[in-house]
Structure formats: structure tokens, C-alpha cells
Amino acid sequence: MIVYVCNSCGKAYFEPRGICQCGSDSFREEERETTRIHCVKLMVPPAGFPDQVEFCLSQAKGTKVFEIVRSA
Ligand SMILES: [Zn+2]
């Protein structure tokens, strides 16, 4: 999973940001392995999703991220 890391203070964000909380607007993309913390499986997913969808709150080296896991 790609996270966006501030070049100034090193804080990682799950989504691209215009400006970091430290005031810097310089980011780099970093690939990080995630660990799933909490998952919720939807048996009746919203339109446009596959039959079963699992939403996971995960952690990528200290950064909380939100994953959508497609289970066939
Ligand atoms: Zn920063």
C-alpha cells in the first residue's frame, strides 16, 4: 500500500495532502506493508462492489490506513 510521507517531518498520510500539519507541501510516496487491525465484512455490499467486501483498519508502520479487501 502506498502512503504519502512528508519530506520535512516524516509524517505519513494515508491520502495525499496539500499541506502537512508541519506546514510543508513536499511529499514522497512510499510503499509500506500493512498489518490489519480490525476488519468488517459486508455481506451486502454497495452497488459496484464485488459480492463480498471487507473493510479493514490497518497499520502501516505506525500510520493508520483504511483498506478495502475484496474477497471472492
Ligand atoms: Zn510534515
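Student: OK, predicted. What's the average pLDDT?
Tutor: The protein chain averages 87, and 93% of the residues score at least 70.

Student: And which elements have the lowest and the highest mean pLDDT?
Tutor: E6 has the lowest mean, at 81, while E3 has the highest, at 94.

Student: Switching to overall shape. What's the radius of gyration of the protein chain?
Tutor: The protein chain has 15 Å, whereas a compact globule of 72 residues would have a value near 11 Å. The C-alpha atoms fill a box of roughly 40 × 25 × 15 Å along the principal axes.

Student: How much of the protein chain is buried?
Tutor: Buried residues make up 7% of the 72 residues.

Student: And what share of the contacts join residues at least 24 apart?
Tutor: That share is 30%, counted among contacts between residues at least 6 apart in sequence.

Student: Sheets next. In what order do the three strands of the open sheet come?
Tutor: The order is E2-E1-E3, with antiparallel pairing. Strand E2 (12-13) and strand E3 (27-31) are the edge strands, each pairing on one side only.

Student: How many bridges are there between E1 and E3?
Tutor: Strand E1 (residues 2-6) pairs with E3 over five bridges, in the antiparallel sense. To pick out a residue, Cys6 has Phe27 in E3 as its bridge partner.

Student: What about E4 and E5, how do they pair?
Tutor: E4 and E5 are antiparallel too, over seven bridges. Lys41 has its bridge partner in E5, namely Glu54.

Student: Why does E4 lie largely in the open?
Tutor: Because the number of buried residues among its eight is zero.

Student: Let's zoom in on Cys39. Is Cys39 buried or exposed?
Tutor: Cys39 counts as exposed because it has 12 C-beta neighbours inside 10 Å, and the cut-off for exposed is 12 or fewer. Cys39 lies in strand E4 (residues 35-42).

Student: What is Cys39 in contact with, leaving aside neighbours within four places in sequence?
Tutor: Cys39 is in contact with Glu54, Phe55 and Cys56. Cys39 and Leu57 are 18 residues apart in sequence, and their C-alpha atoms are 6.2 Å apart in space.

Student: You mentioned Cys56. Where is Cys56 and what does it touch?
Tutor: Cys56 is in strand E5 (residues 52-60). Not counting residues up to four places away in sequence, Cys56 touches Arg36, His38, Cys39, Glu67 and Val69.

Student: How many other C-beta atoms are within 10 Å of Cys56?
Tutor: There are 17, so Cys56 is partly exposed.

Student: Last one: what's phi for Lys61?
Tutor: Phi of Lys61 is near 45°, a positive value in a residue other than glycine. In general, most residues other than glycine have a negative phi. Lys61 is in the loop between E5 and strand E6 (63-71), and with 11 other C-beta atoms within 10 Å, Lys61 is exposed.

Methods. Residues numbered from 1 in each chain as written. Predicted model: local features only at pLDDT ≥ 70, side-chain atom pairs only at ≥ 80, totals over all residues. Rg over C-alpha atoms; globule rule 2.2 N^0.38 Å. Buried ≥ 20, exposed ≤ 12 C-beta atoms within 10 Å, placed from the backbone. Contact = placed C-beta atoms within 7 Å. Helix = DSSP H or I, 4+ residues; strand = E, 2+ residues; numbered from the N terminus. Pairing = 2+ DSSP bridges. pLDDT = per-residue confidence, 0-100.
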